4 protein chains.
Amino acid sequence: MLEDLKEKVLEANLMLPKYHMVTFTWGNVSGIDRSQSLVVIKPSGVEYTKMKASDMVVVDLNGKVIEGDLNPSSDTATHLVLYRNFPDILGIVHTHSPWAVSFAQAGICIPAAGTTHGDYFYGDIPVTPKMTKDEIVTDYEKQTGDVIVRTFKDNSINPNDIPGVLVNDHGPFTWGTDPKNAVHNAVVLEEVAKITYHSLQLNPHNIRMDQVLLDKHFKRKHGKNAYYGQNNK
Amino acid sequence: MLEDLKEKVLEANLMLPKYHMVTFTWGNVSGIDRSQSLVVIKPSGVEYTKMKASDMVVVDLNGKVIEGDLNPSSDTATHLVLYRNFPDILGIVHTHSPWAVSFAQAGICIPAAGTTHGDYFYGDIPVTPKMTKDEIVTDYEKQTGDVIVRTFKDNSINPNDIPGVLVNDHGPFTWGTDPKNAVHNAVVLEEVAKITYHSLQLNPHNIRMDQVLLDKHFKRKHGKNAYYGQNNK
Amino acid sequence: MLEDLKEKVLEANLMLPKYHMVTFTWGNVSGIDRSQSLVVIKPSGVEYTKMKASDMVVVDLNGKVIEGDLNPSSDTATHLVLYRNFPDILGIVHTHSPWAVSFAQAGICIPAAGTTHGDYFYGDIPVTPKMTKDEIVTDYEKQTGDVIVRTFKDNSINPNDIPGVLVNDHGPFTWGTDPKNAVHNAVVLEEVAKITYHSLQLNPHNIRMDQVLLDKHFKRKHGKNAYYGQNNK
Amino acid sequence: MLEDLKEKVLEANLMLPKYHMVTFTWGNVSGIDRSQSLVVIKPSGVEYTKMKASDMVVVDLNGKVIEGDLNPSSDTATHLVLYRNFPDILGIVHTHSPWAVSFAQAGICIPAAGTTHGDYFYGDIPVTPKMTKDEIVTDYEKQTGDVIVRTFKDNSINPNDIPGVLVNDHGPFTWGTDPKNAVHNAVVLEEVAKITYHSLQLNPHNIRMDQVLLDKHFKRKHGKNAYYGQNNK
């Protein structure tokens, strides 16, 4: 079942080592079939070089394994919360990419400091509050999703405009219009974290770009007036 | 038409991934035929691995597409301003190379701190002032070129002596005596940004080299008394 | 003798250049056969590209060469102290990997700042005190092992929970359940050092993660209630 | 003439791109035949991928080209001063490797902060004073050599014990017992610069290792009591 989606999820997972986003097995990608409400996700702790499409695990939105011989990613419950609450997203990625994790461990957001950021993320990439003891002890992975969703709601952030987040003391989750696009956003987030880290060392004051420049760049690439690329031909 | 120049512009574009200057499609190179006043430029948002010489787009100096099935780079209007105002340059590159962007986001120039810099850039690599709301909202890409030209004029900088600039909160543009030489200068600018970033962390005081050392190194490689390489044989 | 272990020790040594952990010959891996109390270790100063399983040297726990034509690693005496004092470990690695050495030279531990760290190391990765003149002059390599063991005892650290250390002004040693696992831990230590270095530059205050989050992540992967990977199938 | 030495100098030059020590043509290696007082050096500004042994240039110790169709490296006069004043060295390297240049531009030495450094350099790697206007204007490349020699004499440094230097606002020169060994020392200097840069950011106080540890490590690898590697078999 869902052979096409399994192939896409496999390919998206294999982009992680290709773009130097993972050490060992530290990352996972999933995709969703919204019509059937089924999610395809990487198995837990399997090496990228050995993974096949048939290893991908199918789960429903409650986390029940529908098909697959292997355990799904230990982060599956987090993915499911995001799919349930962010209705437009069709792919999710979690990594421990080092520049993003540096910000997550420092507990600070990635400020929207330049056009590289603004081409993909329409504002700061938020960091979640630290999770409480109760959230960690019980249903940790589900609660990780809940704290992400709450961060977006409390700050009135549209997850379609800012397709990524840093979980405090942990690392980034990104999402997108399909599994490959979610990986694309993960790579951009990592690159932006690297660049903005160095900008902050050079000049910690007033690092954010003007709103009008952010509007220009984000809308040049997104929405009905976009004119970047070949889509408006 | 312009098959030779298309081939050269393609080759120069392919140097960008080879020298690790681009993530995804974030960069573009153009070249100009001064005798016909026609510019050849990379199409917008096309992957480097799939690009062919025949994909290159020919535009005139007003931005009218003369030949090509694809949209030209969204930065085309910036290139055209530079070609119109800097009469000696024959190739232009724009990238989001990370060290250069770190300085651009910080809003500071790259100071001429050592001979690696002085061998190619005869003084600080300037950063433009932030663009105003009006400049961003109307004809943004053209105005980006205008702010570059104004930065050179207002500071009496000869673009042949300092073949590059940082657009504030955005990234670098470089140029040169042909498309490949413009990429060469882009790679040097990125390397110099990396080195000088670390020098500034080690010792932020008096980072600039003496003018006499800058004169020596720039003129060892440029102008009628140059003696570097095999050109004076 | 010990052909299987020699092959494993060779393979683990070859992981060091593969994971960019060594420059030239700066690193060594050993493994132990506990039933025979014999250690197999890399020869001293031999290039990785030329090493064969038959070059591996067999020594007893007192350092006597039992088999092999080459000198064993100059760090052999350190390995032996660790095998004698940490009874559960079956493989040891020493490298000069640059991020770990940066912390060692600075004389500071790597704080447990996030889940990447907590998945493998159950607390700060300690740095030893500086060695005294007497320790350096006499039996230096053995004394290096002694100062590691004393660091763990004095701070009541279980070497099975924190499988690595920074020797002050020198570099990291890691260990594990076999030679390959010891290299795995060396790679994680280096990655964690890189990430946490940058977090400390972004935010030097309160960098440590909460104990409850550390408990959660370490125990998700280790011990009888672990549920990461495919082991609990 | 000197075919063997030309081959060795070519091979040593090709190690520079292999070890990521050069961008474009920014580096040169030479070797000397002491019996004939002839030096073989890389030609100026030639790409590494196209260089052949027959392109190497033979010069005498006064800089007169004895054999070769190409201009010798523009840094030849610096090499010759070093060969004339440091009688034991048989190979010299100059690069613009980025971490070493970061220190050179900052005008600070690389302190002997740990054993990685102490295994190869018996003390701080010095930085020269800034060159005066007179030194830069007249015989610049020869004067560069003179300022290096003076730095070693004025500070009573033995060039056999510390086989490298940072020329202020410029970059590193290293030397060794043959051209390949000189490149080896260049790679170590770059690695040590990278590591110690980060140590200085983590802890700028008392970064130097104790003298007794420096003695131990340097003498473990050098001199009549060395016991590292296979040389004492």
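**Entry 1: the sheet of chain D**

I began with helix 1 (residues 3-18) of chain D, which lies across strand 1 (27-33), strand 2 (38-41), strand 3 (57-60), strand 4 and strand 5 of chain D and runs at about 155° to strand 1 of chain D. My helices (H or I, at least four residues) and strands (E, at least two) are DSSP runs, numbered from the N terminus. My axes are lines fitted to C-alpha atoms, for helices over the stretch in contact, with angles from 0 to 180 degrees between N-to-C directions.

A note on the source: this is a predicted model, in which local features need pLDDT of at least 70 and side-chain atom pairs count only at pLDDT 80 or more, while totals for chains, interfaces and linings use all residues. Residues are numbered from 1 along each chain as its sequence is written, chains are lettered from A and ligands numbered from 1 in the order in which they are written, and side-chain values use heavy atoms, leaving out hydrogens and water.

Next I looked up the strand order in chain D: 7 strands form an open, antiparallel sheet in the order 4-3-2-1-5-7-6. Strand 4 (65-67) and strand 6 (164-167) of chain D stand at the edges with a single partner strand each, so one side of each is left without a neighbour in the sheet. From one strand to the next, the twist averages 25°. I count two strands as paired if DSSP finds at least two bridges between them.

**Entry 2**

Buried means under 20% relative accessible area, exposed over 50%, and partly exposed in between (1.4 Å probe, protein chains only). Strand 2 and strand 3 of chain D run antiparallel and are joined by 4 bridges; Ile41(D) has Val57(D) as its bridge partner. Strand 3 and strand 4 of chain D, also antiparallel, are joined by 2 bridges, and Val58(D) stands opposite Glu67(D). Their hairpin has 4 residues between the strands, and Gly63(D) in the turn has a positive phi of about 95°.

**Entry 3: strands 6 and 7 of chain D**

Which way do the residues of strand 6 of chain D point? Gly164(D) and Leu166(D) point one way, Val165(D) and Val167(D) the other, and all are buried. Strand 6 pairs with strand 7 of chain D in the antiparallel sense over 4 bridges, and Val165(D) stands opposite Phe173(D). I noted 3 residues between the strands of this hairpin, where Asp169(D) takes a positive phi near 60°. Helix 6 (residues 140-154) of chain D lies across both strands, at about 125° to strand 6.

**Entry 4: two residues of chain C**

I found Thr115(C) in helix 4 (residues 115-118) of chain C, and at 0% relative accessibility Thr115(C) counts as buried. Leaving aside neighbours within four places in sequence, Thr115(C) is in contact (heavy atoms within 4.5 Å) with residues including His96(A), Tyr140(A), Met209(C) and His217(C).

Lys142(C) sits in helix 6 (residues 140-154) of chain C and is partly exposed, with a relative accessible area of 33%.
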